[in-house]
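Hello,

Here is the structure you asked about. Please open it first, then read on.

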Amino acid sequence: MDPKNPFVTQEAIIQKIIPETPKIKTLIVKPKRPIPFQPGQFMELSLPGIGEAPFAPSSSSDHPDILEFTVQNVGYMTSFLHQMKARDKVRIRGPYGNGFPISQLYNKTVLLVVGGVGFPPARALLYQLLKEKKKIPRLILCYGARTPEDIVYKYQLTYFKKNLVLYLTVDDPGKTAWKGHTGVVTCLLDKIEIFPENTMAVVIGPPVMMKYTVLKLLEKGFRPDHIILSMERKMYCGIGQCRHCMIGPYFVCKDGPVFFYAALQNLPDVWEA
Amino acid sequence: MEKVRYFVSYSHWVSLLSDWIQNEIVWAPISTSGMLHYKPVSPENISSIIYEGARAIEPLKWFLFPPIEKMNGRNQRKGKSWIVLAVKACDLQALRVLDSAFGGVFADPHYWFHREDTLLVATDCTSPLPTCFCTEVGGNPFPSQLFDLALSEIPNGFLVEIGTEKGEKKLSPFRAFLETPSREALQQVEGNRKNVMKILRRQNRKFKIHENLGEILYSQWNVSLWHEGSLHCVECGMCNHACPTCHCYFLDEVTREKYIKLRGWDACMYQGYAVMAGGTTPRPYLHQRFRNRYLCKFKYLKENYGVLGCTGCGRCIEGCQGKIEMRKLLSEFSELLSVHQKVALEKI
């Protein structure tokens, strides 16, 4: 195949699969050649004959040779990814997009507001921020899941609690013995003391959660250029051609997926209506 | 550089063309039930080619960015080169969008293979269709850029202008056919062009298409005219597929046994166009998709590539199932602006 062809993929072998929740699994894959990436960037995973979809690695960018992808079973392609076993092969291309503006978080309180399966890119960012802990005076993670069962990376929560301020909430505790907060993730923002002028908020999650979190942050006094969003859109090419991911004049795959809210605030159709 | 034009007699041109069709695939507009469709030229239909007239039904992107294409392995078109005859200025202008979209860091090898392997022979537009409005969006009905060769029809032959080295090379074996044109011939072509411009201006006089359309539409993205304007849209996607600058595509894979990646035209008017994993979409309502298309043409593409996404070819108006008259709608948006807003826009 033409080496200049941007659609060339390389093979990656699944090393291990970690079941996170009934609908979410983490695939640990080893690409033939290491793929250096920035937290927040994404890659296209494909299965021949099935399809291709964008995923942001959830692993540390220090390990470009072993990548982790946390995948929720929501559609056709992801249902096949969920059937994969160790030693199966996937194809991969990337990385694409801009990644988080990490240097702009230095000497600020970083408030991560994460919903559901938005945790994967957030975890890659967390690894990076914890590595540069001296430059980040205060690191807060607010994470909301639908039910206690839907919380991802349960086995790492103790580690995160030790290293940062962690607030957890579930929308519906059901019949479980959940003792933590209940309610949507925006409710947590009322429970913590934040100083918007010296805080950078990073919001990652499903569109509806992001929409209301942004509204809440604005209400709390955050400036639009202090709110960082990792946006999700339909993507095919990943390289700024197919125009499926456009938000106004911006390509989410090329100019994003990480945006300051200031760039998007006056554009139509940013969130689902 | 002053443009140099040559005269080629009609019989010489036909013998030149007969030579080209031996080794290459030559596409030219041929009238089928009064519609101009591109057909491969053969010795049988060589005399039925419509050189001037209006733009063809098929946009030029058809040849460079085919409706379905294999993205890996050998390029399906390798073999004979292609020549496209009678390309009009509106389609050439569209290349400025396509060249930028498929260029840059991740330049698309498929598009550029077709682009470099296709010789573009442009001609003047002499009888614009009622839906044509290139002059209202900064264009002209005659070719002035991006062609390899340009022809202007005059009695008994053509005036030929060379646009690129590729065009010059293609013509060099036929150097003996090129004659110095008479002054009258040159004057006649200029006169024809001025005439066509007059026709276009006259037929579009009733529309008030403002120069700063992108900002006009954007500043009013929240008005109800988007609902009213899209009321008759049946979401067939015709406007996307017929548009010479629309280039949204989907990628798909065919078999599990072998890795074959296909690319095909997509249309932003379709409801499923932007649906994400899990089924949500940022544009669930028709008026949102309709607005997105207009803003893409007049604002976003201009911001992305510095060129308007509309070349005034009128295909989207001509083929619309809902009889949506874009020029009328654009005028309505311009008229909706308050005097105050108009003054503010003049300053941009």
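This is a predicted model: local features need pLDDT of at least 70, side-chain atom pairs count only at pLDDT 80 or more; totals for chains, interfaces and linings use all residues.

How many residues of chain B are in contact with chain A, and how many of chain A with chain B? On the chain B side, 38 residues are in contact with 35 residues of chain A. Strand S9 (249-253) and helix H10 (286-305) of chain B each supply at least two residues of the side that touches chain A. H10(B) gives the most, with 7 residues. By class, that side of chain B has 21 nonpolar, 9 polar and 8 charged residues.

Now chain A as a whole. Chain A has 6 helices and 15 strands. Its C-alpha atoms fill a box of roughly 55 × 45 × 40 Å along the principal axes. A compact globule of 273 residues would have a radius of gyration near 19 Å, and chain A agrees, with 18 Å. Of the 273 residues, 47% count as buried. Take the contacts in chain A with a separation of 6 or more: residues 24 or more positions apart account for 70% of them.

One helix of chain A is worth a look. H5(A) covers residues 207-219.

Which residues of H5(A) are buried? They are Met209(A), Met210(A), Thr213(A), Val214(A), Lys216(A) and Leu217(A).

What covers the buried residues of H5(A)? The cover includes these elements of chain A:

- strands S7 (109-115), S11 (199-204) and S12 (227-230)
- helices H4 (185-188) and H6 (261-264)

After H5(A) comes Gly221(A), whose phi is positive, near 105 degrees.

Last, one residue in chain B. Val160(B) is found in strand S8 (residues 157-162). Is Val160(B) buried or exposed? Val160(B) has 23 other C-beta atoms within 10 Å, so it is buried; the cut-off is 20 or more. Leaving out residues up to four places away in sequence, Val160(B) touches Arg5(B), Tyr6(B), Val8(B), Leu149(B), Leu151(B) and Leu178(B). Val160(B) and Val4(B) are 156 residues apart in sequence, yet 8.4 Å apart in space, C-alpha to C-alpha.

Best wishes

Key: Residues are numbered from 1 along each chain as its sequence is written. Chains are lettered from A and ligands numbered from 1 in the order in which they are written. Two residues are in contact if their C-beta atoms, placed from the backbone, lie within 7 Å. Helices (H or I, at least four residues) and strands (E, at least two) are DSSP runs, numbered from the N terminus. Ala, Val, Leu, Ile, Met, Phe, Trp, Tyr, Cys and Pro count as nonpolar, Asp, Glu, Lys and Arg as charged, and the others, Gly among them, as polar. The radius of gyration is taken over C-alpha atoms; the globule rule is 2.2 Å times the number of residues to the power 0.38. A residue is buried if 20 or more other C-beta atoms lie within 10 Å of its own, exposed if 12 or fewer, and partly exposed in between; C-beta atoms are placed from the backbone. The expected span of a helix is 1.5 Å times one less than its number of residues.
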